[in-house]
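User: I am new to this structure. Please show me how to read its features.

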Amino acid sequence: MSCGTDPNHAAGMAPDSDPGRAAVALAYQGFEPRAYLRNNYAPPRGDLSSPDGVGPWKLRCMAQTFATGEVSGQVLIDIGSGPTIYQLLSACAYFEDITMTDFLEVNRQELGLWLREEPGAFDWSVYSQHACLIEGKGESWQEKERQLRARVKRVLPIDVHQAQPLGTSSLAPLPADALVSAFCLEAVSPDLASFQRALHHVTTLLRPGGHLLLIGALEESWYLAGEARLSVVPVSEEEVREALVLGGYEVRDFRTYVMPAHLRTGVDDVKGVFFAWAQKMGVQV
């Protein structure tokens with residue numbers, strides 16, 4: 001995933017003087033979306049036939065949370081989408097206006113291929129089928145994908161290390177009713193303090209009382225995306241919970257998944273995955 005810092009200082013953005021973040025940004029210039037997708041969303045990790053796999057676990061976390069009916073509204077923003085869409089398969093039934101975001105143009109291009117149903121787009125149908133199976137509404141995977149494509153209104157650049165992550169003249173309606181973010185903040189932060197600041201920055205996009213659904217890596221220090229070997233800040237469950245509380249959230253649900261041996265494929269050193277459902281404190285005026 002990528003939602004980091006621009007080494008070229010995008011127009012209107014302040015120059016980034018933090019050497020740690022600059023190094024992260026430089027490393028991401030070698031990020032290869034297709035290699036990342038192969039490593040994480042094709043078999044064995046992309047094999048959804050076993051209910052104990054990481055893919056079904058992530059889809060269940062999302063589907064069960066949205067099934068509560070509490071996380072809904074008009075506007076949803078996906079923070080650091082990377083080249084993936086699975087994180088929105090359950091969300092799209094509950095929000096009319098979805099914004100996808102990523103720091104890297106190559107990831108935004110990859111998303112565009114799928115959204116426009118262009119030849120060569122990554123095939124997410126196995127994930128869409130599984131999401132429909134979990135939700136149990138009798139919806140076909142084709143209907144699911146049609147709805148998601150219809151509700152994603154824009155794909156925008158983002159830099160979570162800026163106080164205004166979407167820039168000063170955001171094309172997304174703000175504030176959002178909910179945020180989704182998967183494998184972004186820890187993957188673009190050189191240290192824990194940077195992770196906490198990035199969370200604070202994206203929280204400014206969310207209305208008081210709004211919801212954040214966060215998926216991330218536990219105790220991971222690196223991962224591969226083609227030629228790129230990318231550093232990750234290793235976070236524990238306790239550190240993520242603390243960051244959420246410090247960020248002004250009430251943690252509604254927190255789940256962890258231990259990566260089994262057969263899914264430790266040498267493309268990263270991830271120990272597990274976390275899912276957090278958190279609600280921003282305060283009352284909307």
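**Helices, strands and bends**

Analyst: Start with a helix pair: α3 and α5 are oblique to each other. "Oblique" is what remains after the other classes: under 35 degrees is roughly parallel, over 145 roughly antiparallel, and 65 to 115 roughly perpendicular. This is a predicted model, where local features need pLDDT of at least 70, side-chain atom pairs need 80 or more, and totals for chains, interfaces and linings use all residues. Residues are numbered from 1 along each chain as its sequence is written, and side-chain values use heavy atoms, leaving out hydrogens and water.

User: At what angle do α3 and α5 pack?

Analyst: First, the terms. Helices (H or I, at least four residues) and strands (E, at least two) are DSSP runs, numbered from the N terminus. Axes are lines fitted to C-alpha atoms, for helices over the stretch in contact, and angles run from 0 to 180 degrees between N-to-C directions. Here, α3 and α5 (residues 125-135) pack at about 50 degrees, with axes 10 Å apart.

User: Is the crossing of α3 and α5 left-handed or right-handed?

Analyst: A crossing is left-handed if the near helix is turned anticlockwise from the far one by less than a right angle, and right-handed if clockwise. α3 passes α5 in a right-handed crossing.

User: Which residues make that contact?

Analyst: Contact means heavy atoms within 4.5 Å. α3 brings Pro 56, Leu 59, Arg 60 and Ala 63, while α5 brings Tyr 127, His 130, Ala 131, Ile 134 and Glu 135. For classes, Ala, Val, Leu, Ile, Met, Phe, Trp, Tyr, Cys and Pro count as nonpolar, Asp, Glu, Lys and Arg as charged, and the others, Gly among them, as polar. The contact of α3 with α5 has six nonpolar, one polar and two charged residues.

User: How do α5 and α6 cross?

Analyst: The axes of α5 and α6 (residues 141-151) come within 8 Å and cross at roughly 105 degrees. They are therefore roughly perpendicular to each other. Ser 125, Ser 128, Gln 129, Ala 131, Cys 132 and Glu 135 of α5 meet Trp 141, Lys 144 and Glu 145 of α6. By class, that contact has three nonpolar, three polar and three charged residues.

User: How do α7 and α8 cross?

Analyst: α7 (residues 192-203) and α8 (residues 237-246) have axes that come within 9 Å and cross at roughly 40 degrees. That makes α7 oblique to α8. The crossing of α7 past α8 is right-handed. Leu 192, Phe 195, Gln 196 and Leu 199 of α7 touch Glu 239, Ala 243, Leu 244 and Leu 246 of α8. These divide into six nonpolar, one polar and one charged.

User: What is the order of the strands in the sheet?

Analyst: Strands of a sheet pair through backbone hydrogen bonds, either parallel or antiparallel. Two strands count as paired if DSSP finds at least two bridges between them. This open sheet has seven strands, in the order β3-β2-β1-β4-β5-β9-β8, with mixed pairing. β3 (152-156) and β8 (249-258) stand at the edges with a single partner each, so one side of each lacks a neighbour in the sheet. From one strand to the next, the twist averages 15 degrees.

User: In which sense do β1 and β4 pair?

Analyst: β1 (residues 75-79) and β4 (residues 176-182) pair in the parallel sense over four bridges. Ile 79 has Ser 181 in β4 as its bridge partner. Helix α4 (residues 105-115) packs on the sheet, touching β2 (97-101) and β3. The α4 direction makes about 160 degrees with that of β3.

User: Which residues does the cis peptide bond with omega of about 5 degrees join?

Analyst: Pro 43 and Pro 44. Pro 44 lies in the loop between α2 (33-41) and α3 (54-67). The bond from Leu 174 to Pro 175 is also cis, with omega near -5 degrees. Pro 175 sits in the loop between β3 and β4.

User: Where is pLDDT under 50?

Analyst: pLDDT is the predictor's confidence in each residue, from 0 to 100. It stays under 50 over residues 5-15. Where pLDDT is low, the predicted coordinates should not be read in detail. The chain's mean is 92, and 93% of its residues reach 70 or more.
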